Amino acid sequence: MSRVARRMRQTDRNHPWLLDSAVALGVVLLFCVPDLVHGGRPPDAAAGVPRPPVAEVLALQAALVLPLLWRRRAPSATFTVVTAVFLFQWSLGVWLRADVALMVALYSLALHGRLRHLPWACAVMAGAMALVAVRLAAAVSVGDAMFVLFSAATAALALGLVVRIRRAQLAGLRDHAARLEIERDQRSKLAAAAERTRVAREMHDIVGHNLSVIITLADGGAYAAKVTPHRGAQALELIGDTGRQALGELRRMLGVLREQADAPQLSPQPGVADIDALCRRIRAAGPDVVYRTTGEVDALDAGVQLTVYRIAQEALTNALKHAGAGTRIQLAVALRGRQLCIQVVDTGPPPGTLPPVPGDGEGHGLAGMRERAALYSGSVTAGPRPGGGWTARAVLDLTPLPETPADARLLPDARLLPDTASLADTASLPDTPEGVS
């Protein structure tokens, strides 16, 4: 039955005139033919009811049935024409079974017409039914006739409204399903784009940092091999360690990407505890790195610790890349209340060395730092500092979003860390043992 119904709907969409013609033909066969037999008089009518000519019956039947061919395209006009013929017919005292066309027209108006036309249509219908009840008073009591006629009209009106509401509900469900499908595709595309961005950011952090360290070690090892060969061998060992670490991180990432969608996230991910090892690798490449922390940064959740590590890694890599192996770097991570600040300050290239060639833009490193900070409603500022060198500063807001309105968020507090101006002459800093925190 479902397949038959779908085929009928498809046929009706392709050839709408077929259904209208079928309805008109059904009215003719079921109601017009008996009218010709009975001659337009009620079966139990009084003898005084005249018998109209066959030609008059045929004309009235045609006037009642033919408008039904336009019942869906012009329901209001169809109802108006059929009602006018119906009233004219009963004014002549003619009773026809084809009057059921008025019920079909009312049903079509309720189903396909404008709802604001229904009140006047119901009023006209009530007047027409009252006229019929009065004309049949000789054969049926007015009360009985009114009850039957109004019941039939109410049934036609209710059926049309029920079918209309049901179709509207089905159309709404189909539209909702289509929107859900579109939203699902959009969510899939957005998730894929976000995953590509995340993977690109992780690859940049892993490959960019480790390659910068390897290149610096290789340059230093090539120079040291001519002067102190044992330092060249040490540089080669550090290059091997750094390369193996980068290869391990890449294997973990690529292994997770090959897993199914429910695979766990990259594990283990670096955190604040791994910054010491990061500083040691940077020191091995030449720069003097001083690292200190303030507050219980080890108690931060894994996501925040990964953000801190990546921001510090990117800032240290940029300092090594642009300031060279002879620079001095201060890395500070401070937690005060719900604010976390990461600051990296370098002294720039040593005196007497050529300054780095300025690039044509910020590159992806600083943009990646800002994206990571934005996850915690933070900000990143970077730029040259007085006296030479470069400062990169990131401030993260760790206040839970559902508990704090957006306009109450704390602004970056300059008191979290010493002002960068106090580092104007980092050459005067005392030598700090390696790995001091």
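**Sheet architecture and helix packing in the predicted model**

Strand 3 (residues 339-346) and strand 5 (residues 390-397) run antiparallel and are joined by 8 bridges; helices (H or I, at least four residues) and strands (E, at least two) are DSSP runs, numbered from the N terminus. Within this pairing, Arg393 of strand 5 is the bridge partner of Gln343. The model is predicted, with pLDDT of at least 70 needed for local features and 80 or more for side-chain atom pairs, whereas totals for chains, interfaces and linings use all residues. Residues are numbered from 1 along each chain as its sequence is written, and side-chain values use heavy atoms, with hydrogens and water left out.

An open sheet of 5 strands shows mixed pairing and the order 1-2-3-5-4, where two strands pair if DSSP finds at least two bridges between them. Strand 1 (288-294) and strand 4 (379-384) are the edge strands, each pairing on one side only. From one strand to the next, the twist averages 10°. Helix 9 (residues 275-284) lies across strand 1 and strand 2 (328-336) and runs at about 165° to strand 1. Helix 10 (residues 302-323) lies across strand 2, strand 3 and strand 5, at about 15° to strand 3. Axes are lines fitted to C-alpha atoms, for helices over the stretch in contact, with angles from 0 to 180 degrees between N-to-C directions; contact means heavy atoms within 4.5 Å.

The axes of helix 3 (residues 54-65) and helix 4 (residues 75-91) come within 8 Å and cross at roughly 155°. Helix 3 and helix 4 are therefore roughly antiparallel to each other (angles over 145 degrees count as such). Leu60, Ala63 and Leu64 of helix 3 make the contact with Val82, Val85, Phe86, Phe88 and Gln89 of helix 4. By class, this contact of helix 3 with helix 4 has 7 nonpolar, 1 polar and no charged residues (Ala, Val, Leu, Ile, Met, Phe, Trp, Tyr, Cys and Pro count as nonpolar, Asp, Glu, Lys and Arg as charged, and the others, Gly among them, as polar).

Helix 5 (residues 100-112) and helix 6 (residues 118-135) pack at about 165°, with their axes 11 Å apart, and are therefore roughly antiparallel to each other. The contact comprises Leu102, Met103, Leu106, Leu109 and Ala110 of helix 5 and Leu118, Ala121, Met125 and Met129 of helix 6.

The structure holds 6 salt bridges (a side-chain nitrogen of Lys or Arg within 4 Å of a carboxyl oxygen of Asp or Glu). Asp175 and Arg179 meet in a salt bridge through their side chains (2.1 Å, N to O). Both residues, Asp175 and Arg179, lie in helix 7 (residues 142-227), 4 residues apart, about one turn of the helix.

Notes
Angles under 35 degrees count as roughly parallel, over 145 as roughly antiparallel, 65 to 115 as roughly perpendicular and the rest as oblique.
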